[in-house]
Amino acid sequence: MEGSESKKHADEFSEWIKKDVTIYLNSTHELSKLKESLSGSLLSIPECFAVLNKAWFDNCQYSFLHHPILCQQNTSYHCGFHAFFNMVCFLNALLASDSQVRLKYLYKMYSRFSFWLFYSRTIALMAEELKAKGMTSDLENLLNDGPLERYEMEHLIDTHPMIAKLKKRNPDSYLGFTRIFFSFDHFQMPEPQEMIGVQDAFDHFLASPKDGALVITAGVITHWVVIVVHREKGLIKEYLLDSLAHQYLHIPEEFIPANVQLFYEQKCAAKRKKVVPYRVKMFTQLLTDLRKLYTICLLYTSDAADERSSVDLGGRRNIKKKKNK
């Protein structure tokens, strides 16, 4: 019985992969035709999303964050890999100097085929390194679909070939990284140490004369999200990349439990499963912590920005360098 069930799941997964590859190839063909019709001017990120027919969440409670609706993760334990993949694709699009490259990398964010190709290659690279270092427990965790650990995320940012290529292609752009860990209303490191690192990174970014991006990788409970602060021609915008693909920033905090309950009821009804109260409680806490983290990051980054910039309610900052006395 177990063998037949395993074969059934394997066949379903195989059909799903074939279907996704077909969609990917057809969409790539359509994208190539679209590129030929583009003018020489550089499309903005919102314009590129409109061209690709992709939408944004309406975050009326957090209007400073531009929150694209991304491809939803299939499993909770792959969120770290989704976060890293989305980050690299989005950075390539942000720092691109022409519309074709922007469209190419933004489209990749919505291709499951591209993600799983990246995932398999990244797992192979990480497994080779862990094996060479004799880290057998971490290797076993990785090969058994374990989550991306904190040190592994930092190591990927420092050593992954996709980051190296990104830096090589954009030598004149600023590219900085920092991280923060926040769970159950508390920082995972002492607050001064945690936030001083973020504020120092933002100070350094604002002081640089280069356009570019500052990336904040955030670990919250069992989930990873990425906040990208992008500066282009003196204009700064903040983007939120979250593979949950769930709208939770448009409502007051007191309505989050009801929002999560409805979300789980609909999700479980579609899969004909029972709602597990513990999972509802944990997901509610996750969304609450994510919202608090975004507020904290905005406060600290605004404090750093206020010394050098003007801030409007849309989260856009026009950098005005102070004149030397």
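Which residues have the most contacts inside the largest nonpolar core? In this predicted model, they are Phe-81, Phe-84, Met-87, Phe-90, Leu-106 and Val-228, within a core of 49 residues. A nonpolar core here is a set of buried Ala, Val, Leu, Ile, Met, Phe, Trp, Tyr and Cys residues joined through side-chain atoms within 4.5 Å. Buried means under 20% relative accessible area, exposed over 50%, and partly exposed in between, with a 1.4 Å probe and protein chains only. Helix 3 gives the most to this core, namely twelve residues. In soluble globular proteins, nonpolar side chains tend to be buried together.

A word on the numbers: residues are counted from 1 along each chain as its sequence is written, and side-chain values use heavy atoms, with hydrogens and water left out. As the model is predicted, local features need pLDDT of at least 70 and side-chain atom pairs count only at pLDDT 80 or more, while totals for chains, interfaces and linings use all residues.

The protein chain holds eleven helices and eight strands; helices (H or I, at least four residues) and strands (E, at least two) are DSSP runs, numbered from the N terminus. Of its 325 residues, 45% count as buried.

Helix 3 (residues 79-94) also meets helix 5 (residues 112-133): their axes come within 10 Å and cross at roughly 110 degrees. Axes are lines fitted to C-alpha atoms, for helices over the stretch in contact, and angles run from 0 to 180 degrees between N-to-C directions. The two helices are therefore roughly perpendicular, a label for angles of 65 to 115 degrees (under 35 is roughly parallel, over 145 roughly antiparallel, the rest oblique). On the side of helix 3, the contact (heavy atoms within 4.5 Å) is made by Phe-81, His-82, Phe-84 and Phe-85. Helix 5 brings Ser-114, Phe-115, Phe-118, Tyr-119, Thr-122, Ile-123 and Met-126.

Ala-218 sits in strand 4 (residues 212-220) and counts as buried because its relative accessibility is 0%. Between Ala-218 and Ala-83 there are 135 residues in sequence but 9.5 Å in space, C-alpha to C-alpha.
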